Amino acid sequence: LQDIIPQPLLDQYLSMTDPARAQTVDTEIAKHCAYSLPGVALTLGRQNWHCLKDTYETLASDVQWKVRRTLAFSIHELAVILGDQLTAADLVPIFNGFLKDLDEVRIGVLKHLYDFLKLLHADKRREYLYQLQEFVVTDNSRNWRFRYELAEQLILILELYNPNDVYDYLRHIALTLCSDKVSEVRWISFRLVVAILQKFYANNANALGLNFINELVVRFRHCSKWVGRQAFAFICQVG
């Protein structure tokens, strides 16, 4: 119970997420509920999140991927509304589920990955370093925009991690994306590589920067294929 909005109105909203009702009334009703949930949460305030928690979990496990996709695209907004403690307790498990979902759902969390990760505490955020590599693999390899979005998000995410973590985890992803079959992905990845180098030298991690430069020289400058040598030239141009 709460006193922000009329209780019958809230009860009516919550009842619309009932799977049995959705099948008999309107198959799109769950999607509409998912779309409006952040607005309802904002109106109620984080102190009344307990009113919506079960409904959110029901929608997050809906059999229709369009419903889960809608929630995936807005989970970062809900995290801002709820604050770090509720986010860690109630949203992180659902976020983790979306990471393993269909590409149509994963793209929702990927597009706002930086926005979500920056709201987490450093120790919780560090756990995702191991999972970022999984975004390189998609259900359909021709879905190049997925990898493009990953490179774009990584440029932002660099600020959330220390140079050693960037070198140990994000560097490998950047090098993989620089060799992508699609030129659009390679272009954004060259910017990512330069951003990583700037991160090293801005934090006085000169040894890491030098190691990375040497790796780029070996991998691209001395590549037997012209596309690799061209990549090195483009990286220098961006830098």
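In the predicted model, a salt bridge joins the side chains of Glu 215 and Arg 171, with N and O 2.6 Å apart. The two residues belong to distant parts of the chain. Glu 215 sits in helix H12 (residues 206-221) and Arg 171 in helix H10, 44 residues apart. Arg 171 is buried, at a relative accessible area of 8%. Glu 215 is partly exposed, at 22%; the cut-off for buried is under 20%.

A further salt bridge pairs Asp 180 with Arg 147. The closest N and O atoms lie 2.5 Å apart. Asp 180 is placed in the loop between helix H10 (163-178) and H11, whereas Arg 147 is part of helix H9, so this contact ties together parts 33 residues apart in sequence. Asp 180 has 10% relative accessibility and therefore counts as buried. Arg 147, at 8%, counts as buried too.

Lys 53 and Glu 57 form a salt bridge within one helix. The N to O distance is 3.0 Å. Both residues lie in helix H4 (residues 53-60), four residues apart, which means a separation of about one helical turn. An α-helix has 3.6 residues a turn, so residues three or four places apart point the same way. Lys 53 is partly exposed, with 25% relative accessibility. Glu 57 is likewise partly exposed, with 34%. In total, the model contains nine salt bridges.

Phe 95 belongs to helix H5, and Tyr 128 to the loop between helix H8 (122-126) and helix H9 (144-157), so the pair ties together parts 33 residues apart in sequence. Both Phe 95 and Tyr 128 are buried. Together with Phe 116, these two residues make up one aromatic cluster.

Trp 187 and Phe 190 form another aromatic pair. Their ring centres are 6.0 Å apart and their planes meet at 65 degrees, so the arrangement is edge-to-face; the cut-off for that class is over 60 degrees. Both residues lie in helix H11. They are three residues apart, about one turn of the helix. Phe 190 is buried, with a relative accessible area of 3%. Trp 187 is partly exposed, at 39%.

Helix H11 (residues 183-202) also holds Tyr 201. This residue has 36% relative accessibility and therefore counts as partly exposed.

H5 covers residues 65-99. A straight helix of 35 residues would span 51 Å, at 1.5 Å a residue. The end C-alpha atoms of H5 are only 13 Å apart. Where does H5 bend? The bend is at Gly 83 and amounts to about 125 degrees.

Terms used
Residues numbered from 1 in each chain as written. Predicted model: local features only at pLDDT ≥ 70, side-chain atom pairs only at ≥ 80, totals over all residues. Heavy atoms only, no water. Expected span 1.5 Å × (residues − 1). Bend = angle between axes of the 7 residues up to and from the residue. Buried < 20%, exposed > 50% of the residue type's maximum accessible area, 1.4 Å probe, protein only. Phe/Tyr/Trp six-rings, centres within 6.5 Å; stacked < 30°, edge-to-face > 60°. Salt bridge = Lys/Arg side-chain N within 4 Å of Asp/Glu carboxyl O.
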